[in-house]
Amino acid sequence: MDDKEIIARRVAQEIKASTLVNLGIGLPSLVANYLPKEVHVFFQAENGVIGLGARPPEGMEDPDLTDAGGGFVTAVPGAASIDSAMSFGLIRGGHLDMTVLGGLQVDERGYLANWMIPGKMVPGMGGAMDLVAGAKQVIVAMVHTAKGHPKILKECTLPLTARRRVSLIVTEMAVIEPTDDGLVLRETGPGLSVDDVISATEASLIVHGDVPTMRL
């Protein structure tokens, strides 16, 4: 398994049946591929779809059916299309059970930065700020380092997405839970030790006893 598959498989284990879940663009969108068939979930996209399905086979794409990032999707039985006002009403009203978002940085407080790199052209913040502020659970799905540099830092150097602690951070190296006391290392990635995770992380990690390995 490559890093993205490890992350997507582990995040999929956090999704419960009969919930309304938003998947961010990029890596988070892979999570839907690894849900057990018996776990029925409605995936929501900010552009106004509830009930997203998997990516369609090549040649079967519908240009009018995409996720928020413009990627082609399918719709499950019972799916609905809604306008942007209703879509963001669900998010801002606290009706979303979970969102899974990519991340550029997360700090020791559990604050996420994922919408802007200074000096780089960006199309806008999209729904990231609304999702972090409004969803009941926020899971960050991202690779642990970027070009050898840690992405889990003592303090974010990029603009924050929101001043709200995320629920869980899942990388290919670790599952980390932000708490009142700090970042708690819950699991290590396949074939990795606690020391491996600590050495790849700038932020301080709290380790309680033996830390299990991800079960994928």
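The accessible surface of the protein chain comes to about 10900 Å², and 52% of that surface belongs to carbon and sulfur atoms. The model shown here is a predicted one, and everything that follows describes that model. Of the 216 residues of the chain, 46% count as buried. Along its principal axes the C-alpha trace spans about 45 × 35 × 30 Å. The radius of gyration of the protein chain is 17 Å, which agrees with the value near 17 Å that a compact globule of 216 residues would have.

The chain contains four helices and 15 strands. When contacts with a separation of 6 or more are considered, 61% of them are accounted for by residues 24 or more positions apart. Strand S6, which covers residues 105-107, runs parallel to S11 and is joined to S11 by two bridges. For Asp 107, the bridge partner in S11 is Leu 153.

In soluble globular proteins, nonpolar side chains tend to be buried together. In this model the largest nonpolar core has 27 residues, and those with the most contacts inside it are Leu 112, Ile 152, Ile 169, Ile 176 and Leu 183. Several elements each supply at least two residues of this core: helix H2 (84-92), helix H3 (128-134), strand S8 (137-141), strand S13 (174-179) and strand S14 (182-188). Among the contributors, H2 gives the most, with three residues. Another core, of 25 residues, lies apart from this one, and includes Leu 23, Ala 45, Met 98 and Val 170.

Leaving aside neighbours within four places in sequence, Leu 112 is in contact with Leu 101, Gly 102, Gly 103, Gln 105, Val 106, Val 132, Val 140, Leu 160, Thr 161, Ala 162 and Val 166.

Helix H1, which runs over residues 3-12, is mostly covered, with seven of its 10 residues buried. The buried residues of H1 are Glu 5, Ile 6, Ile 7, Ala 8, Arg 10, Val 11 and Ala 12. What covers them includes strand S5 (98-101), S8, strand S12 (168-170), S13 and S14.

The charged residues of this helix lead on to the salt bridges. Side chains of opposite charge can pair when their charged atoms come close. A search of the whole structure finds nine salt bridges. In one of them Arg 9 pairs with Glu 5, the closest N and O atoms being 2.8 Å apart. Both residues lie in helix H1, four residues apart, which is about one turn of the helix. An α-helix has 3.6 residues a turn, so residues three or four places apart point the same way. Arg 9 counts as partly exposed because its relative accessibility is 28%, whereas Glu 5, at 19% relative accessibility, counts as buried.

A second salt bridge connects Glu 187 with Arg 10, and here the closest N and O atoms are 2.8 Å apart. This pair links distant parts of the chain, since Glu 187 belongs to strand S14 and Arg 10 to helix H1, 177 residues apart. Glu 187 counts as buried because its relative accessibility is 16%, and Arg 10 is also buried, with a relative accessible area of 6%. Salt bridges that share partners join Arg 10, Glu 14 and Glu 187 into one network.

A further salt bridge is formed where the side chains of Asp 180 and Arg 165 meet, at 2.8 Å from N to O. This pair, too, links distant parts of the chain: Asp 180 is in the loop between S13 and S14, while Arg 165 is in the loop between strand S11 (152-153) and S12, and the two are 15 residues apart. Asp 180 counts as exposed because its relative accessibility is 70%, and Arg 165, at 35% relative accessibility, counts as partly exposed.

Key
Residues are numbered from 1 along each chain as its sequence is written. This is a predicted model: local features need pLDDT of at least 70, side-chain atom pairs count only at pLDDT 80 or more; totals for chains, interfaces and linings use all residues. Side-chain values use heavy atoms; hydrogens and water are left out. A nonpolar core is a set of buried Ala, Val, Leu, Ile, Met, Phe, Trp, Tyr and Cys residues joined through side-chain atoms within 4.5 Å. Buried means under 20% relative accessible area, exposed over 50%, partly exposed in between (1.4 Å probe, protein chains only). Contact means heavy atoms within 4.5 Å. A salt bridge is a side-chain nitrogen of Lys or Arg within 4 Å of a carboxyl oxygen of Asp or Glu. The radius of gyration is taken over C-alpha atoms; the globule rule is 2.2 Å times the number of residues to the power 0.38. Accessible areas come from the Shrake-Rupley method with a 1.4 Å probe; for residues, only the protein chains shown count as cover. Two strands pair if DSSP finds at least two bridges between them.
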